[in-house]
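The following explanation considers how selected elements of a protein model are arranged relative to one another.

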Amino acid sequence: MNNKLIKYLNVLSGRKRLYFLKLFRLIWNDNGITRNELMQKTGLSKTKIINDVNILIKQGILQEGAFGYKEAGRRPATLHFKPDSFFTIGIDLYGEGFYSETVNVGIYNAACELISEAKIEAKSDIQSPDTKLAPILKLISKLLKENNISGESILCYGCALPGFLKYDTGEIKWSSAFYGNGNFQLGQFFYEHFGKRCFPENDANLFAVAEKRWGQATDMKNFLRITDRCGMGIFINERLFRGQHGFAGEFGAMQINERGPLGKDGRVGTVESLASFRHIFNSVNAVLQQDGYCKVKDFMSSEHSHLRLDMIIKAANAGDPLCERLFNEYFDAMGRGIINLVYLFDPEAVFLPAWINQLSENYLNRIKKIMGHLNIHYNWEQDVKILSADERSDKLVAASVFQAVDTFFETEINS
């Protein structure tokens, strides 16, 4: 299979190449855009847009969606990338939650549809990034061969992982996925092995991208998405906001109490030290290791002897005093942090991790009660929603692919 998009771009240069890159990015970010909408966003004439779109359809890069009908008549045809015009590979180094050693890999077509996926175990205590990535490279080669997809047809690679990173250059400043190793050139590593660039993205940002793309935020312009680890993805005016250095969204570093456990930066009473799931996990685990009483034991078996999130949730719902207390503390601390976020960002909604859906609604009401201060003290006529994220938004591999393609266009435009 050939990469039709790259093949077409390679024959262009100068302003014409820049124009088509911008056109591609618009279509990628607004799947199902119409010719009229392209005219409005580009300011170009109807004839120009129609001619250029027709060229891209003949080249096998774009295709029209199904026609629809409105009361006033026929709905304009929508535009989409043709599925086989290019492929992208996404990698999820975040894993399936805390203490997970599972890495997910998926191949997606140009319609952002999953072609094939696989999982592999990658030890979290491996200190060398090269060593940890070696089996992942083999898995990628295996998936490409099994699906008869050539390396040339791959547009780029996307990678979801926690930590501080440069999304456009592929540099990892620090990440727990690599056991805290910093200054690792992930983008260069993939280019040396596959001849294609890899665009890493912080997991919190990708949770927000997934919520915008497939979840409850599809029609929202401004919202926040908080993760298990107290990271935060930020959407402002329908665009992902990363900040000057790309590290924005460290919600866990917000100080909400003058007392409490010591945070990573030496301060006490931060959101991360008081309201992270890691704190809940460690507290329950400590009781279990001392053979103390906790209903979590009722949900363990010989097959599932390791502590998991669902066990803690079931124990809390069953009335376990320890788990109830820990979740009450979690939501109280979250509420104190979130009200600060609302004052700062004035979002349409704040999304919490999807697993909160499994808990009693009383816990989420603790945050909403704290939010009442907005109206009591300031008469702030606001309707900020506090929601648990959509389960469909837990699609980090797909989100890494979507964002990587967007970053590909962005870096090509800016080069």
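The account begins with a sheet and then turns to the packing of helices.

The model is predicted. Within it, three strands make up an open sheet, ordered β10-β11-β12, with antiparallel pairing. Strand β11, comprising residues 171-174, is joined to β12 by two bridges, and the two run antiparallel. In this pairing, E171 lies opposite Q185 of β12.

Two packed helices are described by the angle between their axes and the distance between the axes. For helix α10 (residues 309-317) and helix α11 (residues 321-345), the packing angle is about 105° and the axes are 7 Å apart. Because angles of 65 to 115 degrees count as roughly perpendicular, α10 and α11 are described as roughly perpendicular to each other. On the α10 side, the contact involves I312, I313, A315 and A316, which meet C323, E324 and F327 of α11. Six of these contact residues are nonpolar, none is polar and one is charged.

Helix α11 also packs against helix α12 (residues 361-371): their axes come within 8 Å and cross at roughly 35°. The crossing of α11 past α12 is right-handed. The residues of α11 that take part include E324, F327, F331, I338 and V342, while those of α12 include Y363, L364, I367 and M371. By class, the residues of this contact comprise eleven nonpolar, two polar and four charged.

Conventions. Residues are numbered from 1 along each chain as its sequence is written. This is a predicted model: local features need pLDDT of at least 70, side-chain atom pairs count only at pLDDT 80 or more; totals for chains, interfaces and linings use all residues. Side-chain values use heavy atoms; hydrogens and water are left out. Two strands pair if DSSP finds at least two bridges between them. Helices (H or I, at least four residues) and strands (E, at least two) are DSSP runs, numbered from the N terminus. Axes are lines fitted to C-alpha atoms, for helices over the stretch in contact, and angles run from 0 to 180 degrees between N-to-C directions. Angles under 35 degrees count as roughly parallel, over 145 as roughly antiparallel, 65 to 115 as roughly perpendicular and the rest as oblique. Contact means heavy atoms within 4.5 Å. Ala, Val, Leu, Ile, Met, Phe, Trp, Tyr, Cys and Pro count as nonpolar, Asp, Glu, Lys and Arg as charged, and the others, Gly among them, as polar. A crossing is left-handed if the near helix is turned anticlockwise from the far one by less than a right angle, and right-handed if clockwise.
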